Amino acid sequence: MSIETRLKDMGIILPVPVVPVANYVPFVLTGSLLVISGQLPLVDGQLPAPFKGQIGAEVDEANGRAAARQCAINVIAQIKAATGDLDHVKRIVRLGGFINAAPSFTTLPAIMNGASDLMVDLFGEAGRHARTTVGAHLPMSAAVEVEAMVELK
Amino acid sequence: MSIETRLKDMGIILPVPVVPVANYVPFVLTGSLLVISGQLPLVDGQLPAPFKGQIGAEVDEANGRAAARQCAINVIAQIKAATGDLDHVKRIVRLGGFINAAPSFTTLPAIMNGASDLMVDLFGEAGRHARTTVGAHLPMSAAVEVEAMVELK
Amino acid sequence: MSIETRLKDMGIILPVPVVPVANYVPFVLTGSLLVISGQLPLVDGQLPAPFKGQIGAEVDEANGRAAARQCAINVIAQIKAATGDLDHVKRIVRLGGFINAAPSFTTLPAIMNGASDLMVDLFGEAGRHARTTVGAHLPMSAAVEVEAMVELK
């Protein structure tokens, strides 16, 4: 089954990918490596209220995981924009996860699983990636930001 | 027009690149990818007072952008040291921007534009890069730190 | 002298590498680049008390450096798991260091030297890497997290 079909079966409709309004671009291809800019959990270009603020304070764990998943959806939309066809993905090489967590909230990896799980659900073994998860203050007070490196066929 | 000429026209004199005083190096070339260590906004090896502290607290937005630009100048100085000639740059692949922002300051991307704009002013289309911008506490309480990945010809 | 022999001479016994319990993997090889997930300073799969908390608060500088060194040992264990033989390393390309530092503690690079020094002690010139060191809140309140990019022969 193609990745495109699998995406449809999962009921995910990719958003129009966000185009940066500044002097950078959402992705750069170097050799067979696609480097994708940090993605916020935007929906229709806006940051939904449940994905805004610190996890463990304004944002609960379930919404934190959903925010990480939304970041991953936006990463996938950029891969689609870059390749035209998600079946060109050979491997999700790396995800970098930045979690806007309250000082007392330390189960950051559980939040980032919202992104990782989606990659494996969609790409199978090719979706298993190296990962770095750290806490960070984020643009727009977003709850999560995810960047990616992807190897293309 | 060569990048070197363009740099001169922009009135930018590259600093002597900072050499780390520890067991790491300012850049490593792997294949055609030049990986550049995180650069602080040092001038003559010192952190100027206006570039020290949290943006939104001790450092205002204009100085924050200037600090990001200075980090980018230091990145360019390392590219020059690595290649001998900036015209060897094929593409600025990625900038990673770490912004030392006060909790209430969330327009981190506006700060990072100080680095991104310089790359595009100097390298044109080849300067358009993927970018990740997050908040972070930084060495020496610097306002900004920028790392880079560059593809060489 | 082989790296494996050197490791033995240094008295370092590599731990059984930590296998993530989620949908990500400890390393991905893309071309000749080995991308290694962020490693915490775990010992026998546990975070030792001296490596838990903020450096400059609960964790002193010596323990911070030791934590960075332990992260590097865990990175090396992953390289070993990926390659079967540390002599396959051509170059440690990059270390990313995330330091869980108290707001007043700003000599983050001194902490990260605990990781960098070990790489050079073990791999010699091939151990000299590009490096980015920033402050971050970390999973489990670990004092340090280190990720890596390694070029293989």
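In this predicted model, B:Ala68 is classed as buried because 30 C-beta neighbours lie inside 10 Å of this residue, and a count of 20 or more is enough for that class. B:Ala68 is part of helix α2 of chain B, which spans residues 61–83. When residues up to four places away in sequence are not counted, B:Ala68 touches B:Gly97, B:Ile111, B:Met112, B:Gly114, B:Ala115, B:Val144 and B:Val146. B:Ala102, in turn, is 34 residues from B:Ala68 in sequence, and the C-alpha atoms of these two residues are 16 Å apart.

Another alanine was examined in chain C. C:Ala72 is in contact with C:Ala115, C:Leu118, C:Met119 and C:Val146, leaving aside neighbours within four places in sequence. C:Ala72 is also among the members of the largest nonpolar core that touch the most other members, a group made up of A:Ala72, A:Val144, B:Ala72, B:Val144, C:Ala72 and C:Val144. This core contains 152 residues. In soluble globular proteins, nonpolar side chains tend to be buried together.

The contacts between chains were considered next. Where chain B meets chain A, 24 residues come from chain B and 21 residues from chain A. On the side of chain B that touches chain A, at least two residues each are supplied by β3 (89–99), α3 (108–123) and β4 (130–135) of chain B. The largest share, 7 residues, belongs to α3(B). By class, this side of chain B consists of 11 nonpolar, 7 polar and 6 charged residues.

Where chain C meets chain B, the contact involves 23 residues of chain C and 21 residues of chain B. The elements of chain C that give two or more residues to this side are β3 (89–99), α3 (108–123) and β4 (130–135). The side of chain C that touches chain B has 10 nonpolar residues, along with 7 polar and 6 charged ones.

The arrangement of the copies was then described by superposition. Chain C is superposed on chain B, with an RMSD of 0.0 Å, by a rotation of 120 degrees with 0.0 Å of shift along its axis. This is the relation of a three-fold axis. Among the residues of chain C, C:Ala136 comes closest to the rotation axis, its C-alpha lying at 3.5 Å. Only 4% of the interface residues of chain C are also interface residues in chain B, so the copies meet through different surfaces.

Notes: Residues numbered from 1 in each chain as written. Chains lettered and ligands numbered in written order. Predicted model: local features only at pLDDT ≥ 70, side-chain atom pairs only at ≥ 80, totals over all residues. Contact = placed C-beta atoms within 7 Å. Helix = DSSP H or I, 4+ residues; strand = E, 2+ residues; numbered from the N terminus. Nonpolar A, V, L, I, M, F, W, Y, C, P; charged D, E, K, R; others polar. Buried ≥ 20, exposed ≤ 12 C-beta atoms within 10 Å, placed from the backbone. Least-squares fit on C-alpha atoms with pLDDT ≥ 70 in both. Core = buried A, V, L, I, M, F, W, Y, C linked by C-beta atoms within 7 Å.
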